[in-house]
Amino acid sequence: MRYHNITKDDMLNGAGLRVVLWVAGCSHCCKGCQNPMTWDPNGGILFDDAAKAEIFEQLEQDYISGITFSGGDPLHSANRADVKALMAEIKLKYPDKNIWLYTGDVWENIMNYPLMQYVDVLVDGEFVLEDRDVTLLWKGSPNQRVINVQATLKQEDISVPILYCGDHDEIPMGRESIGAKNIQEDNIVSFKGGMDIASCGCDA
């Protein structure tokens with residue numbers, strides 16, 4: 001697996017303060033992507049023990065809520081196995097930290113991936129530039145969903161995702177909303193600069 005950056009004390013890519021791993025490789029290549037430099041799976045630098053130690057150093061901090069996997073697409077074929085292994089190690093070492101994952105793929109296609117056992121919140125779907133909405137919470141366009149993965153996997157029919165939050169604050173945008181009570185309006189995503197979830201499936 002290769003990556004472009006590790007950002008710290010991030011508030012734009014999941015609830016609370018987070019460490020974010022921006023991986024290389026994306027096949028979605030959405031129009032309007034903020035991070036087209038992450039599309040090439042051979043770009044960036046090799047994810048090594050030093051990079052892992054940098055992430056773990058952040059997760060050791062009490063004020064860090066967890067890690068977000070973004071990019072690029074963590075579920076690109078070049079990343080999936082290594083992302084799964086890293087998630088498993090994180091859950092073992094830091095069981096109280098949560099894991100968010102952004103992918104351009106949709107839940108219905110990936111719900112049976114073994115690595116989903118480690119994911120707490122998934123933001124799915126490609127970013128649609130024509131539908132961009134800067135007021136949406138944790139996502140860039142309304143087709144994307146912020147999914148409570150563990151609650152969904154406990155259902156008899158896992159193909160119907162349980163949503164983690166509403167589109168903007170505590171307003172449910174689907175059949176059910178879980179986890180919205182801790183989300184603050186201050187964390188609504190802005191599209192100005194940096195690597196954020198407006199990127200598309202690349203960063204989704």
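Visitor: Is Asn-148 buried or exposed?

Guide: Start with the cut-offs: buried means under 20% relative accessible area, exposed over 50%, partly exposed in between (1.4 Å probe, protein chains only). Asn-148 is buried, because its relative accessible area is 12%. This is a predicted model, in which local features need pLDDT of at least 70 and side-chain atom pairs count only at pLDDT 80 or more, while totals for chains, interfaces and linings use all residues. Residues are numbered from 1 along each chain as its sequence is written, and side-chain values use heavy atoms, with hydrogens and water left out.

Visitor: Where is Asn-148 found?

Guide: Helices (H or I, at least four residues) and strands (E, at least two) are DSSP runs, numbered from the N terminus. Asn-148 is in strand β7, residues 145-148. Its side chain reaches the backbone nitrogen of Ala-151 at 3.0 Å.

Visitor: How many helices and strands are there in the protein chain?

Guide: The chain has four helices and seven strands. From the N terminus, the order is β-β-β-α-β-α-β-α-β-β-α. Of its 204 residues, 50% are buried.

Visitor: Which residues of helix α1 are buried?

Guide: First, the general idea. An α-helix has 3.6 residues a turn, so residues three or four places apart point the same way. In α1 (residues 49-59), the buried ones are Ala-51, Ile-55, Phe-56, Gln-58 and Leu-59. They lie on the same side of α1, because they cover an arc of only 155° around the axis (taken from the directions from the helix axis to the C-beta atoms). Asp-49 and Ala-50, on the other side, are exposed.

Visitor: What covers the buried residues of α1?

Guide: The cover includes β1 (2-10), β2 (17-23), β4 (64-71) and α2 (80-93).

Note on methods:
Polar contact = N/O pair within 3.5 Å; in protein donor to acceptor, adjacent residues only side chain to side chain. Contact = heavy atoms within 4.5 Å.
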